Amino acid sequence: MEYNNLGKSGLQISRLSLGSWLTFGKQIGDDVAERLMDIAYENGINFFDNAEIYARGKSEEVMGAILKKKNWSRDSYIVSSKVFFGNGGQLPTQKGLSRKHIFEACEQALKRFQLDYLDLFLCHRPDKQTPIEETVWSMHQLIMQGKILYWGTSEWSAQEIMEAHMFAKQNHLIGPIVEQPEYNMFTRQKVEVEFSQIYKTVGLGTTIWSPLASGILSGKYNHEFPSDTRLGMEGLDWLKEKNFTVERIDVVKKLSALAADLNMSLPVLGLAWCLKNPNVSTVILGASKEHQLKENLTSLEAKEKLTPEIMDQIEGILSNKPVHPDH
Ligand code: NDP
């Protein structure tokens with residue numbers, strides 16, 4: 001495994017990590033979740049990603065029970081939760097980034113995880129109804145109370161992240177260290193263009209999500225629609241519509257041929273491509289089966305095969321390189 005600092009913080013995070021969205025407490029049994037965490041940990045993964053909304057809190061309960069059972073030293077792993085969507089409650093105070101919901105979401109996540117503190121607490125989306133000052137103060141106070149160690153954002157714009165930083169700086173508060181954006185061969189704008197300045201100015205780290213675009217980039221949807229996969233799950237039509245398009249499948253077929261030439265599987269190529277970006281602190285892997293995780297773990301080694309010439313070939317197939325406004 002390789003490790004690097006999460007942004008300009010001192011936190012050493014593994015370049016591959018494991019997430020639990022749609023899997024833990026939902027698509028997979030707790031025994032499979034335990035095997036996935038075992039495989040991850042044995043292979044040096046030190047970051048496990050979670051959120052209050054995942055399986056409406058159940059994902060954190062399942063992960064917490066596994067952590068307790070494993071009894072791994074608390075100083076050997078990083079665990080996150082995210083606040084914003086709530087865990088199922090529909091009342092106005094049960095969501096968002098108000099001081100009230102941030103404090104309560106943190107307490108509830110700690111109970112579900114059976115932990116004393118969270119390493120990372122992320123604001124899962126921006127909250128247009130709460131002043132940014134209130135959110136920054138609340139996160140700072142949770143750090144002062146020892147309930148969280150670092151905080152960050154997910155799917156915030158560069159401008160929103162900068163506003164939080166500027167307020168924190170002016171008031172000697174602790175600002176966000178990390179953003180969690182979607183990043184894969186199809187979704188590139190934020191990571192490659194929008195954040196390009198703030199990697200340098202504020203030292204932003206990134207924990208990127210859906211590196212395989214929910215499995216489309218595994219190539220398994222190329223010829224027929226397989227059963228027992230995420231995009232066939234009930235209630236996820238929106239995700240299928242987003243990812244399972246003629247244009248995407250066409251690109252994935254071309255990438256499959258390139259991956260075969262390189263003697264690597266397509267998901268490994270897709271993940272290795274994400275890892276090549278030095279602004280990606282960690283690629284959060286999703287897996288519903290043990291063999292997927294084992295395969296995906298080989299992407300670190302595989303990235304060495306992605307020479308500048310191969311990266312150019314990939315660029316030619318993707319034809320979606322985001323343009324920087326200054327260029
Ligand atoms: P991916 O895009 O990598 O999708 C993972 C899914 O793809 C797996 O569950 C599996 O689904 C399929 N898959 C993975 N590897 C393989 C393989 N080798 N062969 C075939 N199929 C494979 O990542 P996720 O979308 O799961 O995102 C990763 C993590 O990021 C999440 O768990 C979560 O922690 C975080 N996240 C954060 C968000 C945010 O807003 N901050 C939003 C979304 C995710 P199946 O077998 O069912 O087809």
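Visitor: In which crossing, left-handed or right-handed, does α2 pass α3?

Guide: This is a predicted model, in which local features need pLDDT of at least 70, side-chain atom pairs count only at pLDDT 80 or more, and totals for chains, interfaces and linings use all residues. Residues are numbered from 1 along each chain as its sequence is written, and side-chain values use heavy atoms, without hydrogens and water. A crossing is left-handed if the near helix is turned anticlockwise from the far one by less than a right angle, and right-handed if clockwise. The crossing of α2 past α3 is right-handed.

Visitor: Is α2 oblique or parallel to α3?

Guide: Helix α2 (residues 30-42) and helix α3 (residues 58-70) pack at about 60°, their axes 10 Å apart. Angles under 35 degrees count as roughly parallel, over 145 as roughly antiparallel, 65 to 115 as roughly perpendicular and the rest as oblique. Therefore α2 is oblique to α3.

Visitor: How many residues of helix α11 are buried?

Guide: Buried means under 20% relative accessible area (1.4 Å probe, protein chains only). Trp273 and Cys274 are among the buried residues of α11. For helix α11 (residues 266-275), the count is 10 of 10.

Notes. Axes are lines fitted to C-alpha atoms, for helices over the stretch in contact, and angles run from 0 to 180 degrees between N-to-C directions. Helices (H or I, at least four residues) and strands (E, at least two) are DSSP runs, numbered from the N terminus. Buried means under 20% relative accessible area, exposed over 50%, partly exposed in between (1.4 Å probe, protein chains only).
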